[in-house]
Amino acid sequence: MRITKQIMQVDNKTIIISGASRGIGRATALLLAQQGANVVITARNVIELKEVESEGQGKIVAVPGDVSSEVDMERVVQTALDRFGRIDVVINNAGYGVFKNVDEISVDEWDALMATNVKGTFVLTKAALPTLKAQGAGHIVVVASDVAKRTFAGGSLYTASKYAQEAFMGALRKEVRPFGIKVTGVYSGLVDSHFHAKGHGHETSQNWLKNEDMAESMLFIISRPAHVVIDEFMVHPLEQEY
Ligand SMILES: NC(=O)c1ccc[n+]([C@@H]2O[C@H](COP(=O)([O-])OP(=O)(O)OC[C@H]3O[C@@H](n4cnc5c(N)ncnc54)[C@H](OP(=O)(O)O)[C@@H]3O)[C@@H](O)[C@H]2O)c1
């Protein structure tokens, strides 16, 4: 009985999700909207973003933008405030991977990935923080990866970005806890999103986590009672050794 009640606690909460045009972010937006949350989504692909909005039965608002742009992320936050008057949860999810050996990575590839995965997490979090602090409550979720805690050949750029998110969260958590703000790192293994080179739905990814598994994880994380914070959430497909 208690569990059912708590799972419904996202009802009418205002939740911002970056990288919600497809993959994990899209599935999370749709599930949270279905559970009654007011969801503000952002990403660069306007057509895909608007499709998610139209599937949200009036509970999803699309604000196109690049997560590394301060102007764009301030617009996302302002839209949430104008429409719903508060912000309960910010899910920093936008991100992508480049998997090459160090001597094959261009400086432009390095800068672009860091701008999305690391700077983007900072920019959206910074835009929302004054509101969360003034409320004396809020929840910042960062979709990192299990490679925020381990490395592999060919993963220098991507793992560096995820380790950076991990360090960012660690310091942020200490800064914002006195303001009643929760910080959760999500560390997942392989997810059958659009992230991987072989694309969504490939035969090699059929036993991986589904986008919907990640959405349910997100719902669980953000629907805990006010006094409970999940600092770290690690999840893998059973077939993946970690
Ligand atoms: N899939 C996995 O196996 C896996 C495992 C661990 C962690 N993750 C993490 O999960 C997060 C979500 O990825 P996913 O697996 O769902 O991949 P995905 O299906 O490719 O979705 C990535 C999302 O990020 C958005 N995005 C990328 N660059 C952006 C930018 N500059 N500004 C705004 N949005 C941007 C994309 O939208 P636009 O292109 O429209 O901007 C898209 O909505 C990422 O942070 C990724 O590192 C994934």
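Me: What should I know about numbering and confidence before I start?
Reply: Residues are numbered from 1 along each chain as its sequence is written. The model is predicted, so local features need pLDDT of at least 70 and side-chain atom pairs count only at pLDDT 80 or more, whereas totals for chains, interfaces and linings use all residues.

Me: How many residues surround the ligand, and which are the closest?
Reply: The ligand is surrounded by 28 residues, and the closest are Gly 19, Gly 23, Asn 45, Gly 95 and Ser 193. A residue is near a molecule if its C-beta atom, placed from the backbone, lies within 6 Å of it.

Me: What is the class make-up of that shell?
Reply: The shell has 14 polar, 10 nonpolar and four charged residues. Ala, Val, Leu, Ile, Met, Phe, Trp, Tyr, Cys and Pro count as nonpolar, Asp, Glu, Lys and Arg as charged, and the others, Gly among them, as polar.

Me: Which helix gives the most to it?
Reply: Helix H2 (residues 23-34) does, with three residues. Helices (H or I, at least four residues) and strands (E, at least two) are DSSP runs, numbered from the N terminus.

Me: Where does H2 sit relative to the strands?
Reply: H2 forms a right-handed β-α-β unit together with E1 and E2. A crossover is right-handed if, with the strands pointing away from the viewer, the path from the first strand over the helix to the second runs clockwise. Strand E1 (residues 14-18) pairs with E2 in the parallel sense over five bridges, and Val 39 in E2 is the bridge partner of Ile 15. Pairing requires that DSSP finds at least two bridges between the two strands.

Me: What lies beyond E2?
Reply: E2 also pairs with strand E3 (residues 60-62), in the parallel sense over three bridges. From E2 the chain crosses through helix H3 (residues 46-55) to E3, and this β-α-β crossover is right-handed.

Me: Is E2 itself mostly covered or exposed?
Reply: Strand E2 (residues 38-42) is mostly covered, as five of its five residues are buried. Buried here denotes 20 or more other C-beta atoms within 10 Å of a residue's own, exposed 12 or fewer, and partly exposed anything in between, with C-beta atoms placed from the backbone. Asn 38, Val 40 and Thr 42 point one way from E2, while Val 39 and Ile 41 point the other way.

Me: What does Ile 41 touch?
Reply: Leaving aside neighbours within four places in sequence, Ile 41 is in contact with Ile 17, Ala 20, Ala 29, Leu 49, Val 52, Glu 53, Ile 60 and Ala 62. Contact requires C-beta atoms, placed from the backbone, within 7 Å. Ala 62 is also the bridge partner of Ile 41 in E3.

Me: Which residues touch the most other members of the largest nonpolar core?
Reply: Ile 16, Ala 29, Val 39, Ile 41 and Val 141 do, in a core of 59 residues. Such a core is a set of buried Ala, Val, Leu, Ile, Met, Phe, Trp, Tyr and Cys residues joined through C-beta atoms within 7 Å.

Me: Val 141 is on E5, I think. What does E5 pair with?
Reply: Strand E5 (residues 138-143) runs parallel to E6, and six bridges join them; Val 141 has Thr 184 as its bridge partner in E6. Four bridges join strand E4 (residues 89-92) to E5, again parallel. The chain crosses from E4 through helix H5 (residues 107-135) to E5 in a right-handed β-α-β crossover.

Me: Why is E6 largely enclosed?
Reply: Strand E6 (residues 181-188) is largely enclosed by the rest of the structure because eight of its eight residues are buried.

Me: What about handedness on either side of E6?
Reply: E5, helix H6 (residues 156-176) and E6 make a right-handed β-α-β unit. The chain then crosses from E6 through helix H7 (residues 211-222) to E7, and this β-α-β crossover is left-handed. E6 and strand E7 (residues 232-235) pair in the parallel sense over four bridges.

Me: Changing topic: is Ala 148 buried or exposed?
Reply: Ala 148 is buried, with 21 other C-beta atoms within 10 Å. Ala 148 lies in the loop between E5 and H6, and its contacts beyond four places in sequence are Lys 162, Tyr 163, Gln 165, Glu 166 and Tyr 187.

Me: And Leu 172?
Reply: Leu 172 is in helix H6 and is partly exposed, with 18 other C-beta atoms within 10 Å. Not counting residues up to four places away in sequence, Leu 172 touches Thr 125, Ile 140 and Val 183.

Technical notes
Two residues are in contact if their C-beta atoms, placed from the backbone, lie within 7 Å.
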